[in-house]
Amino acid sequence: MKTIKIKITGSVQGVFFRKYIKDEADKLCLKGYVRNLENGDVEVIIEGRDELANEFINVCKKGAPHSQVKTVTSQEIPNQSFKDFRVINV
């Protein structure tokens, strides 16, 4: 089980990116959250099986249909024990 914090930069707000991320996380049975950051980036924290977490990072790099992903950075963090995957509105 991995917990990974992911930061996605590019044209990723206002293009249904968070919905896309939620749908993809749900397909892979991952838990955590996605939220927009004030600087225009998107932050995702996921928890799940190692191979599914790695697959999800590739999903982030691909991006939603109308997005333009510039960079995706990730780092493993301590387990957060999420119960589900949520879209956080700030």
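Biologist: Why does Cys29 count as exposed?

Modeller: In this predicted model, Cys29 has a relative accessibility of 61%, and since a residue is called exposed when the value is over 50%, Cys29 counts as exposed.

Biologist: What makes Cys60 count as buried?

Modeller: The relative accessibility of Cys60 is 0%, and because buried means under 20%, Cys60 counts as buried.

Biologist: How do you know that the sulfur of Cys29 is too far from the closest cysteine sulfur for a bond?

Modeller: A disulfide is a covalent bond between the sulfur atoms of two cysteines. The closest cysteine sulfur to that of Cys29 belongs to Cys60 and is 16 Å away, whereas a pair must lie within 2.5 Å to be called a disulfide, and therefore the distance is too far for a bond. Cys60, for its part, is in no disulfide, and a search of the whole structure finds zero disulfides.

Biologist: Why is the pair of Tyr33 and Phe82 called edge-to-face?

Modeller: The ring centres of Tyr33 and Phe82 are 5.9 Å apart and their planes stand at 80 degrees; because planes over 60 degrees apart count as edge-to-face, the pair takes that name. Tyr33 lies in strand E2, while Phe82 lies in the loop between strand E4 (68–76) and strand E5 (85–88), so the pair ties together parts that are 49 residues apart in sequence.

Biologist: What makes Tyr33 buried and Phe82 partly exposed?

Modeller: Tyr33 has a relative accessible area of 15%, and because the limit for buried is under 20%, Tyr33 is buried. Phe82 has 23% relative accessibility, which falls between the limits of 20% and 50%, so partly exposed is the term that applies.

Biologist: How do the axes of H1 and helix H2 (residues 50–62) cross, and why is H1 called roughly antiparallel to H2?

Modeller: The axes of H1 and H2 come within 11 Å and cross at roughly 155 degrees. Because angles over 145 degrees count as roughly antiparallel, the crossing makes H1 roughly antiparallel to H2. The contact is made by Phe17, Tyr20, Ile21, Glu24 and Ala25 of H1 with Phe56, Val59, Cys60 and Lys62 of H2, and the crossing is right-handed.

Biologist: Why is Asp41 called buried, and which residues is Asp41 in contact with, leaving aside its neighbours within four places in sequence?

Modeller: Asp41 lies in the loop between strand E2 (31–36) and strand E3 (42–48). Its relative accessible area is 9%, and because buried means under 20%, Asp41 is buried. With those neighbours left aside, Asp41 is in contact with residues including Lys7, Thr9, Val12 and Arg35.

Definitions and conventions
Residues are numbered from 1 along each chain as its sequence is written. This is a predicted model: local features need pLDDT of at least 70, side-chain atom pairs count only at pLDDT 80 or more; totals for chains, interfaces and linings use all residues. Side-chain values use heavy atoms; hydrogens and water are left out. Helices (H or I, at least four residues) and strands (E, at least two) are DSSP runs, numbered from the N terminus. Buried means under 20% relative accessible area, exposed over 50%, partly exposed in between (1.4 Å probe, protein chains only). Contact means heavy atoms within 4.5 Å. Rings of Phe, Tyr and Trp (its six-membered ring) pair if their centres lie within 6.5 Å; planes under 30 degrees apart count as stacked, over 60 as edge-to-face and the rest as tilted. Axes are lines fitted to C-alpha atoms, for helices over the stretch in contact, and angles run from 0 to 180 degrees between N-to-C directions. Angles under 35 degrees count as roughly parallel, over 145 as roughly antiparallel, 65 to 115 as roughly perpendicular and the rest as oblique. A crossing is left-handed if the near helix is turned anticlockwise from the far one by less than a right angle, and right-handed if clockwise.
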